Amino acid sequence: MFFTLKKTDAKTKARLGVIRTFHGEIESPFFMPVGTRATVRTLSSEDLHQIGASIELSNTYHLYVRPGLDIIENAGGLHKFMNWNKPILTDSGGFQVFSLTKLRKITDDGVRFQSHVDGKQLFLSPEVVMHIQKVLGSDMVMPLDECAPYPSEKVAAAAAVKRTTDWAIRSKEAFIKTKMREAGQFNFGIIQGATYKHLREQSAREIINVGFDGYAIGGVSVGEPVKDMFETLDWVMPMMPGDSPRYFMGIGMPDQIVKAVGMGIDMFDTVLPTRYGRYGTAFTSVGRVNIHNGEFAKDLSPVDANCDCITCRNYTRSYIRHLFNVDEILGLRLLAYHNVHFYIKLMGRIREAIAQDRYAVFQHEFLSQYQSELLGDEHAKTV
Ligand SMILES: [Zn+2]
């Protein structure tokens, strides 16, 4: 059994479950630290174990471009290459192909494009993307999809939905034909449809009909207002099978995660903890704090008084601010460590609240204490 639903919260739609893979179990809802290029920026696998991460996410497109499949195959797969022995989910790379590359040509067959690194001509099709993920050895694999940009005309969004369904069918066929299940891999379908209700519903119906181990809601957090993002959940969540995990791709801010869990989402990923860390921003129990701020120059308190991570137990705001001011790498690392820890611990508190049937209270308390933004984030998905 890939996914087991353990319980649903008494008053909300929040769910507690467990995913079982060859590389271990993951309690849901969970957050996946993003290691786009086989590393979560400045953090080692040992750090991630210490923080308590139970899964990591990498990106098919980026790894295909660099270092290339032969190098990862030579290492015996992605787990061995990056020394990570817990589960890995890989993005298909569809989003990156559509957002990063130039001169791309999309046909029903696949997408031909120039590498964003060296301009080399590359081609991805649903079958190629499955093959890459087979070589990577990811525990959870995503199909190639077409992510319509925001805003999208209805006609273009409808065409992307049709192509996403056609490609989902071919991905599943390739998954079966190349015996990826036998190799211990599980596959996800991605629901598209931009900001159109009937297209989201159509996509959900078609993708669920193809049949996957789990379902992802894609094409969100691409610049649309946050209320539209959550409206998408209002439309598709009632259609989702109860016995499969649900993944809200590329979401999001801590308060957005808390809200989406209450609507029945199980899986999250976002580059925000490491990206914001890079700019000196820490996620804390009361909201975001920017360490560059002059008021912290002589502040000998930890980044977050309510955090017990290595950074907060051992280093002061004053010191970390100094590291940022003189561009020392340790500053980045200390904040990345704290931020990823913040997300992982948040998910632990979320699971505990669901287990005790008090998610509604938790959600209310979190949102009133956290300097709630429920804002859109233009950076959220541009990896
Ligand atoms: Zn901390």
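**Exercise 1.** Is Y315 buried, exposed or partly exposed? Work that out, then describe how Y315 sits against Y319.

*Solution.* First, some ground rules: this is a predicted model, where local features need pLDDT of at least 70, side-chain atom pairs count only at pLDDT 80 or more, and totals for chains, interfaces and linings use all residues. Residues are numbered from 1 along each chain as its sequence is written, and side-chain values use heavy atoms, with hydrogens and water left out.

Step 1: Y315 has a relative accessible area of 29%. That makes Y315 partly exposed, because buried means under 20%, exposed over 50%, and partly exposed in between (1.4 Å probe, protein chains only).

Step 2: Y319, at 33%, is partly exposed too.

Step 3: their rings form a stacked aromatic pair, 5.8 Å centre to centre with 20 degrees between the planes. (Rings of Phe, Tyr and Trp, using its six-membered ring, pair if their centres lie within 6.5 Å; planes under 30 degrees apart are stacked, over 60 edge-to-face, the rest tilted.)

**Exercise 2.** Now try F342 and Y343: which kind of aromatic pair do they form?

*Solution.* Step 1: the centres are 6.2 Å apart and the planes 75 degrees apart, so the label is edge-to-face.

Step 1: F342 and Y343 are both buried.

**Exercise 3.** Which residues give the protein donors of the zinc ion?

*Solution.* Step 1: look for N, O and S atoms within 2.8 Å of the metal (3.2 Å for Na, K and Ca); water is not among the atoms, so sites may look incomplete.

Step 1: you get C307 (SG), C309 (SG), C312 (SG) and H338 (ND1), lying 2.1 to 2.3 Å away.

Step 2: of these, C309 and H338 are both buried.
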